[in-house]
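Please consult the sequence and the model alongside the text.

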Amino acid sequence: MKELKELKEPKEPKELRGLRRLKGLNRLLSSAEPDRRRLRDGALATLVPVAACSVALAGLTTWVGAGRAGSPARIQVTEGMVLLPSAGVPDTAAFFRIANEGGSADALVGVTASGLSGEVTLSRHLMREGNAASRSQVDSVSVGAGDTLAMAPSSVDLTVPVPTQTWRTGDLVPFTLEFRRSGRVKVLAVVVRPGTVSFP
């Protein structure tokens, strides 16, 4: 019986046991190599969007810090002038300096004034060859964020019908300029004689 037992359970030599352990360890290490590769690829795939978001966040932080993010248009209207109408002429022109100190664009969409024989319109002038000019009515005039619009006879101005009562040089004429985002802005324009003012 004792001999049979020894036959059934032969003792494994130490070297063979060590070799088996080594083969198992190699199998374990070779199966871990693809896991490492997957981890590295996954980390790189995550790193790219995180880096892009960080750059975008830094840019937005700078923009907000400069006071530009989400700030509305802030319209300032100054230097209002209206030309004294010449006898027999049905209309004249008015000019304003419009500054947008805000972070959003706005647009002048309409103008009103009381005591006139008709409606005030926005006009754009185009200079052509031979010192000829043409004028066309426009629906709106854009004023970009941080920009200034200086109305002039050679660009944009207001076509103003003659008043029902006579204007004199130095009179103040009340105008209401309506902006798409900023709403209505009331301002005065001084009546000036043509040829006595210069434009940019």
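**Core and aromatic packing**

Q: Which residues of the largest nonpolar core touch the most other members?
A: A nonpolar core is a set of buried Ala, Val, Leu, Ile, Met, Phe, Trp, Tyr and Cys residues joined through side-chain atoms within 4.5 Å; buried means under 20% relative accessible area, exposed over 50% and partly exposed in between (1.4 Å probe, protein chains only). Of the 35 residues in the largest such core, those touching the most other members are Val77, Phe96, Ile98, Leu158, Phe175 and Leu177.

The model is predicted: local features need pLDDT of at least 70, side-chain atom pairs count only at pLDDT 80 or more, and totals for chains, interfaces and linings use all residues. Residues are numbered from 1 along each chain as its sequence is written, and side-chain values use heavy atoms, leaving out hydrogens and water.

Q: How are the ring planes of Phe96 and Phe175 arranged?
A: Rings of Phe, Tyr and Trp (its six-membered ring) pair if their centres lie within 6.5 Å, with planes under 30 degrees apart counted as stacked, over 60 as edge-to-face and the rest as tilted. A search of the whole structure finds 1 aromatic pair. The centres of Phe96 and Phe175 are 5.4 Å apart and their planes stand at 75°, so the pair is edge-to-face.

Q: Is Thr92 buried or exposed?
A: The backbone oxygen of Leu83 lies 2.7 Å from a polar atom of the Thr92 side chain. With a relative accessible area of 10%, Thr92 is buried.

Definitions and conventions. A polar contact is a pair of N or O atoms within 3.5 Å; within protein, one must be able to donate a hydrogen and the other to accept it, and residues adjacent in sequence count only if both atoms are side-chain atoms.
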